[in-house]
Amino acid sequence: MKLKGLSAYLQEKKHIPALANIDGDREKIVKDCIFITARYRTGSTYLYSLFSSLANTIAFYEPLNYHVLDWLEKDDLEHQKTQLWLSHNLQDGYFYEYKSLEREVLTKYFKRKFGIERMVLSATEDHSELKDYLNFLLSTYPQKLKVLQFNRIDFRLAWIKANFPGALIVNLRRNPRDIYASFVGLYLRSGNGDRTNLNDGIEKVIDFVGLNEELNALSEVSVPQFSLHDLNSYEKIYLLNQLSHQWSDQFADLVLEYEALIQDPVGELSKIISHIPKFELKFSGEMPKPRKDRINVWQEYHPEIWFQECEVKCNSLLEKHF
């Protein structure tokens, strides 16, 4: 079902039993897995690493990432290139948990198109391929709590809610200015970066992680349409960030702030698992340490007035849609 206008996608609760009122009260559904939804550079890798370090969980890193199978092929030349761009420091490497899965079965269910096609989904649409793939991941490790950390389901949360009512949907957020600063840092660390033209440099990163594809997908169902040519790099990041919040406000079960997560990782983790019956935190080793030096780093790149002007422009644009 193709809905008309972005706001229509946010009014689908009547199609989702998990959100429907029954006899004046919400239907009680036991949560037996966790889906993390976050934007790029929001600290989602750190949240994933916390869950990955628990003895009684199995955490899957970015199930819809285009490079899942590439990373599993040690001889693939794209491996080191992708590592350079993403530049996270994971002890066991990317997609470590996928290595123990039956490769033939994983290859059968995983599709590269999951991360770049049908990025906006209605609650009532059919997407059996994606549903089968996620169910395959959830069927693994029966004795452990499954945690799926996504960066590509923001605008499919209604569909996720409708098809996986047992999933606790956790939205991780971060100050969009620091998200921008993280993109800048990623560009500068790439080896080819300098500060003379940050916008063009960050555009390369934006294109690499698929933000333009998301904006194009949203533009297809928005009235009026978004024009990528009218947006600078921060405006794209901010606009997608604010749109993501719209979906999460409607369909996420729990919202976490990155700033709170790094100040009290155990406390924020406890908030999440409190929604999972009979589950306790059991770290298998030392808890991953947070980086507390990444707050308000946006001030290093532009004056506040520059960010404010970009935000006012985007907020005005959003008012036309909602």
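**Cysteines.** I began with Cys-314, whose sulfur has its closest cysteine sulfur in Cys-310, 6.9 Å away and therefore too far for a bond. I note that this is a predicted model, in which local features need pLDDT of at least 70 and side-chain atom pairs count only at pLDDT 80 or more, while totals for chains, interfaces and linings use all residues. Residues are numbered from 1 along each chain as its sequence is written, and side-chain values use heavy atoms, with hydrogens and water left out. Searching the whole structure, I found zero disulfides, a disulfide being a pair of cysteine sulfur atoms within 2.5 Å. Cys-314 counts as buried at 0% relative accessibility, and Cys-33 counts as buried at 5%; buried means under 20% relative accessible area, exposed over 50%, and partly exposed in between, with a 1.4 Å probe and protein chains only.

**Sheet.** I then traced an open sheet of five strands in the order S4-S5-S3-S6-S7, with parallel pairing. Helices (H or I, at least four residues) and strands (E, at least two) are DSSP runs, numbered from the N terminus, and two strands pair if DSSP finds at least two bridges between them. Strand S4 (57-61) and strand S7 (254-257) are the edge strands, each pairing on one side only. Strand S3 (residues 33-38) and strand S5 (residues 145-150) are joined in the parallel sense over five bridges, and Ile-34 has Val-147 as its bridge partner in S5. Helix H6 (residues 128-138) packs on the sheet, where H6 touches S3, S4 and S5.

**Core.** Which residues have the most contacts inside the largest nonpolar core? They are Ile-34, Phe-51, Tyr-98, Tyr-133 and Phe-183, in a core of 106 residues; such a core is a set of buried Ala, Val, Leu, Ile, Met, Phe, Trp, Tyr and Cys residues joined through side-chain atoms within 4.5 Å. Helix H11 (residues 233-251) gives the most to this core, with eight residues. Leaving out residues up to four places away in sequence, I list among the contacts of Tyr-133 (heavy atoms within 4.5 Å) Pro-63, Leu-64, Tyr-98 and Phe-110.

**Exposed positions.** Lys-320, in the segment after helix H14 (304-319), counts as exposed at 57% relative accessibility. With residues up to four places away in sequence not counted, Lys-320 touches Val-223 and Pro-224. Gln-263, in helix H12 (residues 258-263), counts as exposed at 51% relative accessibility.

Notes: Axes fitted to C-alpha atoms, helices over the stretch in contact; angles between N-to-C directions.
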